[in-house]
Amino acid sequence: MTTKPSTRNRLIVAGAATGVIAAGVVGVVTVQAQNPDPATRTPVVADAADANLTQSTHLSIAAATKAAQTALDAAAKENQRVSVAVVDRNGNVIVTLRGDGAGPQSYDAAQQKAYTAVSWNTPTTELAKRLESAPQLADIDGTLFLGGGAPVKADGAPIAGIGVAGAPSGDLDEKFAQAGVAALGE
């Protein structure tokens, strides 16, 4: 005895078949768009005037790693278990090191402190003092107004931030972050 497939099963099979066909069509169109006939291609040239361009300075991965390792080593010398993060001017993580035995909260806190320091171009211990007169600053996503973040500057402008978290005080965290900044020659 044969059974007739249920309406539900027929809809599932039809939906799957439609998805496969659509994926194939998209794939063919994508391949054709990526490989147009060279005879019909016209070069696209976009040239921006110098007034529309800007340059920025960034830490290399080697420099960021050196700074993070220096901060981690400074903490280890004082038997502190911390995490260290170095972020670029936009708050994107360049490198993060989690020291042996560092608490689970320290990883995110280090990134937030680094982001906060570079965003305001100020050490986070100074920024924490501003909360007394402007407590709403603490509501800004991704920031952490506790000691432990230090900006890295080039010609006075912020180019990166170093954050350290996990020591028993923000002052210690910031001391270690400053050691990372010093390793870069500031």
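Reader: Before we start, what should I keep in mind about the model?

Author: It is a predicted model, where local features need pLDDT of at least 70 and side-chain atom pairs count only at pLDDT 80 or more, while totals for chains, interfaces and linings use all residues. Residues are numbered from 1 along each chain as its sequence is written, and side-chain values use heavy atoms, with hydrogens and water left out.

Reader: How many salt bridges does a search of the whole structure find?

Author: The general idea is that a side-chain nitrogen of Lys or Arg lies within 4 Å of a carboxyl oxygen of Asp or Glu. Here, the search finds two.

Reader: Which residue forms a salt bridge with Glu78?

Author: Lys175 does, and the closest N and O atoms are 2.6 Å apart. Glu78 sits in the loop between helix H2 (61-77) and strand E1 (83-88), and Lys175 in helix H5 (residues 170-182), so the pair ties together parts that are 97 residues apart in sequence. Helices (H or I, at least four residues) and strands (E, at least two) are DSSP runs, numbered from the N terminus.

Reader: Is Glu78 buried, exposed or partly exposed?

Author: Buried means under 20% relative accessible area, exposed over 50%, and partly exposed in between (1.4 Å probe, protein chains only). Glu78 is partly exposed at 31%, and Lys175, at 46%, is partly exposed too.

Reader: And what does Asp173 pair with?

Author: Asp173 forms a salt bridge with Lys113, with 2.9 Å between the closest N and O atoms. This pair links distant parts of the chain, 60 residues apart: Asp173 is in helix H5 and Lys113 in helix H3 (residues 104-120). Asp173 is buried, with a relative accessible area of 3%, and Lys113 is buried at 4%.

Reader: Which backbone oxygen does the side chain of Lys113 reach?

Author: For a polar contact, look for a pair of N or O atoms within 3.5 Å; within protein, one must be able to donate a hydrogen and the other to accept it, and residues adjacent in sequence count only if both atoms are side-chain atoms. In this case, the Lys113 side chain reaches the backbone oxygen of Gly147 at 2.8 Å.

Reader: What do the buried residues of H3 pack against?

Author: Contact means heavy atoms within 4.5 Å. The buried residues of H3, among them Ala109, Lys113 and Val118, pack against E1, helix H4 (124-130), strand E3 (149-154), strand E4 (157-165) and H5. Not counting residues up to four places away in sequence, Lys113 touches residues including Thr124, Leu144 and Val164.
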